[in-house]
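Morning, everyone. I have one chain to walk through, and I will keep it brisk.

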Amino acid sequence: MLFQSLFRLLSRLPLAWLHRLGGWAGWLTYKASPSYARRLRENLFNALGREDETVLRAAIVEAGRQALELPFIWERPAAEVVASAVRTEGWDLVEAARAEGAGILFITPHLGCFEITAQCIAAQIPITVLYRPPRKDVLQPLMEAGRARGQMRTAPADLSGVRKLVKTLRSHEAVGMLPDQVPGAGEGVWAPFFGKPAWTMTLAARLAAVKGVRVIYTWAERLPRGEGYVFRLQAPTEALTGELEADVAIINREVERMILQCPQQYLWGYNRYKGPRREREDIVPVAGAPADAAAPDSPTPPRGDAEGRS
């Protein structure tokens, strides 16, 4: 197909060129879509609590770079992609968890080059990542090929996939997931995200409750001028409680702290405060979670608050 041919053609360009093109694409998207531009500005203002023109302009550029770096991340040889992470900080957390015989839950928000994090991990240890088909069907074969590399395996975002993740963690292996996508009805709870109620997935908290699991937060900072990435692994700053809704809120706070380290590289244009998707997907009980954790979560927003509604 034409799109796939263009995608593969772009993958031949140096990363610096893709990031330059991405910056222009970011501005083009911002100017061409008033609704996208408004959401980006509002979400960024809500998080920072102020207007910051410098961060806003950088966020517009970085959003385009995130899109245009995908051909490089998915199509170039895995060794070359991993090598573009020119520095890794915090790998000792992984070594310590493995020395304890723990399963590891890597939590990675939509910050920086989130697609490269699992590849960096898979270059060292096996990892299974949660997979949801992209909205655009044309991207699916490209995404599948780009993610199913080396020691990386995928699990679909359904009942069978969740069972696979639980089994992986119980086998003292690693699982990776994005915690800040809007889940479907019955898959989330309303929890604060930068002070506003956001329909937030419970799966990360459920998996973290599996016995013997260690949680590590990860992200990859995009360096200027296409110089590559810094892969960062960070320990939790708050201990999880074992109570589902409290742990969902804690994970949101951890994500907030990560974002504020580099706010210009978060995907502010994503509609994080919308209500749950309409489709219903089954939830599997997770051993070690609270007794009511397997019950469908109420899709009703906080009374008297219009935030997060569809």
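I will start with the whole chain and then go to single elements and residues.

First, the ground rules. This is a predicted model, so local features need pLDDT of at least 70, side-chain atom pairs count only at pLDDT 80 or more, and totals for chains, interfaces and linings use all residues. Residues are numbered from 1 along each chain as its sequence is written, and side-chain values use heavy atoms, with hydrogens and water left out.

Confidence next. pLDDT is the predictor's confidence in each residue, from 0 to 100. The mean for the protein chain is 87, and 84% of its residues reach 70 or more. Please treat residues 279–310 separately: pLDDT stays under 50 there. The model has 72 contacts for that stretch beyond four places in sequence, a contact being heavy atoms within 4.5 Å.

Now the overall picture. The chain has 12 helices and 11 strands. These are DSSP runs, numbered from the N terminus: helices are H or I with at least four residues, strands are E with at least two. Of the 310 residues, 54% are buried. Buried means under 20% relative accessible area, exposed over 50%, and partly exposed in between, with a 1.4 Å probe and protein chains only. Take contacts between residues at least 6 apart in sequence: 77% of them join residues at least 24 apart.

On to helix α4, residues 53–68. Its 16 residues reach 23 Å from first C-alpha to last, close to the 22 Å expected at 1.5 Å a residue. That expected span is 1.5 Å times one less than the number of residues. At the start of α4, a side-chain oxygen of Asp52 comes to within 3.2 Å of the backbone nitrogen of Thr54. The buried residues of α4 include Val55, Leu56, Ala59, Ile60 and Glu62. What do the buried residues of α4 pack against? Their neighbours are α1, α2, α3, α5, α8 and β9.

Next, the hairpin. β7, residues 188–193, runs antiparallel to β8, and six bridges join them. Two strands pair if DSSP finds at least two bridges between them. Val189 has Thr200 as its bridge partner in β8. Two residues separate the strands, and Phe194 in the turn has a positive phi of about 55°. Is β8 mostly covered or mostly open? It is mostly covered: five of the six residues in 196–201 are buried.

Glu187 is buried, at a relative accessible area of 7%. Its side chain reaches the backbone nitrogen of Gly184 at 2.8 Å.

His172 is not a glycine, yet has a positive phi of about 65°. It lies in the loop between α10 and β5. Arg225 also has a positive phi, near 60°. Arg225 is in the loop between β9 and β10. It is exposed, with a relative accessible area of 62%.

Last stop: Leu130, in strand β3, residues 127–131. Which residues does Leu130 touch, leaving out those up to four places away in sequence? They are Ala155, Pro156, Ala157, Leu165, Gly176, Met177 and Leu203. Val162 is 32 residues from Leu130 in sequence, and their C-alpha atoms are 8.1 Å apart.

That is the tour. Over to you.

Methods
A polar contact is a pair of N or O atoms within 3.5 Å; within protein, one must be able to donate a hydrogen and the other to accept it, and residues adjacent in sequence count only if both atoms are side-chain atoms.
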